[in-house]
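Please walk me through how to read the helix packing in this model. I would like the general idea each time, and then the case at hand.

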Amino acid sequence: MPPLSCTDLIGLCVSAECNASLEEVDVKKALDLLTCAARDDAVTDAQFERLRLAIWRAVIERDEWWEKRSGPENIDETLFYRSIILAYNSGLVISHILPGVEELIGEIADKQKEFVLRSGYEQMAQMGLISV
């Protein structure tokens, strides 16, 4: 059996089939693997973007916080936000690992999630983590 690629390992970290209880540490592992994949000459920019979007899509889809219908003032309770803070505190460059808000919004049909995500991006911009 050949060794697993970074792409395969990212899937193992965030997929519902392989990881039933996704936590921010799992997201951080996937982001570390994404960083490794970005250094690999065999990974194209399009593949990098697809992987990055897949990680954050998995985070949004699996975050139970959305079901509570809380407002943006409680965004710090989300897996999304906790994952970003862990990545930032671990030295990852958030603007490199986080897709633009429009890319993520394109994946979301729920207006409440869209509103909260936009608010979260604004808060992160105010904190200096990203630029919008």
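Predicted model: local features only at pLDDT ≥ 70, side-chain atom pairs only at ≥ 80, totals over all residues.

Q: At what angle do α1 and α2 pack, and how far apart are their axes?
A: Helices are DSSP runs of H or I with at least four residues, numbered from the N terminus. Axes are lines fitted to C-alpha atoms over the stretch in contact, and angles run from 0 to 180 degrees between N-to-C directions. Here α1 and α2 pack at about 170°, with their axes 9 Å apart. Angles under 35 degrees count as roughly parallel, over 145 as roughly antiparallel, 65 to 115 as roughly perpendicular and the rest as oblique. The pair α1 and α2 is therefore roughly antiparallel.

Q: Which residues make the contact between α1 and α2?
A: Contact means heavy atoms within 4.5 Å. From α1 come Cys6, Leu9, Ile10, Cys13 and Val14, and from α2 come Asp26, Lys29, Ala30, Leu33, Leu34, Cys36 and Ala37. For classes, Ala, Val, Leu, Ile, Met, Phe, Trp, Tyr, Cys and Pro count as nonpolar, Asp, Glu, Lys and Arg as charged, and the others, Gly among them, as polar. The contact of α1 with α2 has 10 nonpolar, no polar and two charged residues.

Q: Is Cys13 buried or exposed?
A: Buried means under 20% relative accessible area, exposed over 50%, and partly exposed in between, with a 1.4 Å probe and protein chains only. Cys13, in helix α1, has a relative accessible area of 14% and is therefore buried. Leaving aside neighbours within four places in sequence, Cys13 is in contact with Asn19, Leu22, Asp26, Lys29, Ala30 and Leu33. Cys13 and Asp26 are 13 residues apart in sequence, and their C-alpha atoms are 5.7 Å apart in space.

Q: How are α2 and α3 arranged?
A: The angle between α2 and α3 is about 175°, and their axes are 10 Å apart. These two helices are therefore roughly antiparallel to each other. The contact joins Val27, Ala30, Leu31, Leu34, Ala37 and Ala38 of α2 to Phe48, Leu51, Arg52, Ile55, Trp56 and Val59 of α3. By class, this contact of α2 with α3 has 11 nonpolar, no polar and one charged residues.

Q: At what angle do the axes of α3 and α4 cross?
A: The axes of α3 and α4 cross at roughly 135° and come within 8 Å. That makes α3 oblique to α4. Trp56, Val59 and Ile60 of α3 meet Leu79, Phe80, Ser83 and Ile84 of α4. The class count for α3 with α4 is six nonpolar, one polar and no charged residues.

Q: Which residues of helix α4 are buried, and which helices do they pack against?
A: In α4 (residues 79-89), Leu79, Phe80, Tyr81, Ser83, Ile84 and Ala87 are buried. They pack against α2 (24-39), α3 (45-62), α5 (94-97), α6 (101-105) and α7 (111-127). After α4 comes Gly91, whose phi is positive, near 95°.

Q: Which members of the largest nonpolar core touch the most other members?
A: In soluble globular proteins, nonpolar side chains tend to be buried together. A nonpolar core is a set of buried Ala, Val, Leu, Ile, Met, Phe, Trp, Tyr and Cys residues joined through side-chain atoms within 4.5 Å. The largest one has 36 residues, of which Leu31, Trp56, Phe80 and Leu98 touch the most other members. At least two residues of this core come from each of α1 (6-14), α2, α3, α4, α5, α6 and α7. The most, eight residues, come from α3.

Q: What does Trp56 touch?
A: Leaving aside neighbours within four places in sequence, Trp56 is in contact with Val27, Leu31, Phe80, Ser83, Ile84, Ile97, Leu98, Pro99 and Leu104.

Q: Where is Ala109, and is Ala109 buried or exposed?
A: Ala109 lies in the loop between α6 and α7. With a relative accessible area of 78%, Ala109 is exposed.

Conventions. Residues numbered from 1 in each chain as written. Heavy atoms only, no water.
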